[in-house]
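Colleague: Show me the model first. Then let us go through its pockets, its metal site and its charged pairs.

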Amino acid sequence: MYILGINAYHADGSAVLLRDGELVVALEEERFRRIKHWAGFPTETITRCLEIGGISGRDVEHVAISRDPRANLIRKAAFAVRNKMKISNIVNRTRNLKKVHEVRTPLAAALGVTESELPRIHFVEHHPAHLASAFFVSPFEDAAVCAIDGFGDFISTSTAIGRGNQIRMLHKVSYPHSLGVLYTAVTQHIGFPNYGDEFKVMGLAPYGAPEFVDEIRKLVTLKPGGDFELTRKYFRHWDEGVEMEWEGGSPTMGPLYTAELNRLLGPARVSGEPLESRHENLARSLQAVYEECAFHVLNALWSRTKNPRLCLAGGCAMNSVANGKVRDNTPFQDVYIQPAAADSGTALGAAYQAWNQILKKPRGFVMSHGYWGTTYDDADARVVLDGRNDSEWRYTSERLSDDSLFDATARLIADGNVVGWYQGKMEWGARALGNRSILADARRGDMRELINTKIKFREKFRPFAPSILEEAMDEYFVGAAPDPFMQQVYPVREEKRGVLPAITHVDGSGRLQTVSRESNPRY
Ligand SMILES: [Fe+2]
């Protein structure tokens, strides 16, 4: 039985294909459109899912979409009435919901069938899809499950217990309260307006001091039972609504914060203005307050479940700094976060929600590596290499045995070169995990600046992440757990920080990927 999971009309459009409950392929639309976080209907990835699966659209028996326009209708209506929501805001939201309703037309086109031939369609609410993406592919038979994000289908935080092939919701926090919105609002205030810029603020935070913690705590009140509330006067989404565009390109979002926030934190930085220590301090303070809030949610979840295992998802589960501190700040002992924990992962979750929770099939699949995408052979590579016609471009090629290739690559890296390393299937999720990676020597102090300015064309402060053999992890990091998906930041051992300057962040931490013989032998 084939199940197609899709994330449509939301940021990070994506599609996955399951065959009898086994993941066959998982893809993010941005890779093919070449627009980060591409939002809309994921035609490109659906087409490739069918191609790689070697099937036609008629072979798909179920389609699961990670949106449910009917979900939380009573909460939505009550909120709109209670808050006298602006008509334009309601119209804006209704337009997006209407798109989800009309999904049959583009879906039929993508599958190459008529609308009357479409397979059964499951509308899986956004947060249950996040939860399913975290638990159903985890190695745990039972676990506490948590999703934290901006919003999806009116919910921003959900906690649950997963047992076997079922997940039972325990608690939800709904619009307008959201830790994702808290993080994004202050990120915008610090002068990073683009979708996904929260990563930059997280990378900037270690440069600063937590001087604004008291001020930022005023934005959110923690309530018993893992609840929390944002403070209305600092946020625009409540009363005015926020301009959002979720279709056919990079998602955009207007300012989430009010002038009141400028009075509290000082003037907002305009994107492109120099970064001052005040901005670094704001970033550090935001990260600190976010962590307090996240651990508040997680500790309440632990009290409800008393389960030592935790599966995390949602955009906020991409906060690798907070993730690395979970075991020190909660009673949870084992943490599983699949690589596409943000919204692209809801396609995976929707598909498994259909297979496990709805069709009640037993679990049998564990995501133990992140390589679920497209692959290209030498002939494909040659077409691309030969197709470049700028005069500066030269290349030579030679096919080496694996042993020679590994020796030559190690030698190039040790000699201070930057190596593009490409093999096998593309990574699922935001991290390069050794199949599409830029590699350099972690021991060289000049590497970070060299790569940031000459190769990735990005801010100098942004850190690089180490890949490390699983068996060497404890030799270089303190209190780390193996993580093939690079989702957790840990302190580099003090005596090793000088040894690994290119991957040791300014606060002495590193976001490691553990590599094992099982997960990626050639890497
Ligand atoms: Fe989400």
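Modeller: One convention before we start: Ala, Val, Leu, Ile, Met, Phe, Trp, Tyr, Cys and Pro count as nonpolar, Asp, Glu, Lys and Arg as charged, and the others, Gly among them, as polar. This is a predicted model, where local features need pLDDT of at least 70, side-chain atom pairs need 80 or more, and totals for chains, interfaces and linings use all residues. Numbering runs from 1 along each chain as its sequence is written, and side-chain values use heavy atoms, without hydrogens or water.

Colleague: How do the lining residues of the second largest pocket divide by class?

Modeller: The second largest pocket (open grid points, 1 Å grid, protein on both sides within 12 Å along at least five of seven lines) has 21 lining residues (an atom within 4 Å of a point). E291, V321, K325, V489 and D507 lie nearest its centre. By class, the lining holds 10 nonpolar, 5 polar and 6 charged residues.

Colleague: Which element gives the largest share of that pocket's lining?

Modeller: Helices (DSSP H or I, at least four residues) and strands (E, at least two) are numbered from the N terminus. Two or more lining residues of the second largest pocket come from each of α11 (277-305), α12 (320-329) and β18 (488-491). The largest share, 5 residues, belongs to α12.

Colleague: How many charged residues line the largest cavity?

Modeller: A cavity is a set of points where a 1.4 Å probe fits but cannot get out. The lining of the largest cavity includes I148, Y290, F295 and L312. α11 gives the most to this lining, with 4 residues. By class, the largest cavity has 11 nonpolar lining residues, 1 polar, and charged ones: none.

Colleague: And which element gives the most to the second largest cavity?

Modeller: Among its lining residues are T157, H171, K172, V297 and R304. The elements with two or more residues there are β7 (155-163), β8 (166-174) and α11. The lining has 4 nonpolar, 6 polar and 2 charged residues. With 4 residues, the most comes from α11.

Colleague: Which residues coordinate the iron ion?

Modeller: Donors are N, O and S atoms within 2.8 Å of the metal (3.2 Å for Na, K and Ca). The spacing of the donor residues in sequence is H-x3-H-x18-D-x193-D. H130 sits in helix α6 (residues 126-135) and D149 in strand β6 (residues 142-152), 19 residues apart. At 2.1 to 2.2 Å, the iron ion is held by H126 (NE2), H130 (NE2), D149 (OD) and D343 (OD).

Colleague: Is E28 buried or exposed?

Modeller: E28 and R31 form a salt bridge (Lys or Arg side-chain nitrogen within 4 Å of an Asp or Glu carboxyl oxygen) at 3.0 Å. E28 has 7%, which is under 20%, so E28 counts as buried.

Colleague: How many salt bridges does the whole structure hold?

Modeller: R236 and E240 make one of them, with N and O atoms 3.1 Å apart. R236 is buried at 13%, while E240 is partly exposed at 39%. The search of the whole structure gives a total of 23.

Conventions. Buried means under 20% relative accessible area, exposed over 50%, partly exposed in between (1.4 Å probe, protein chains only).
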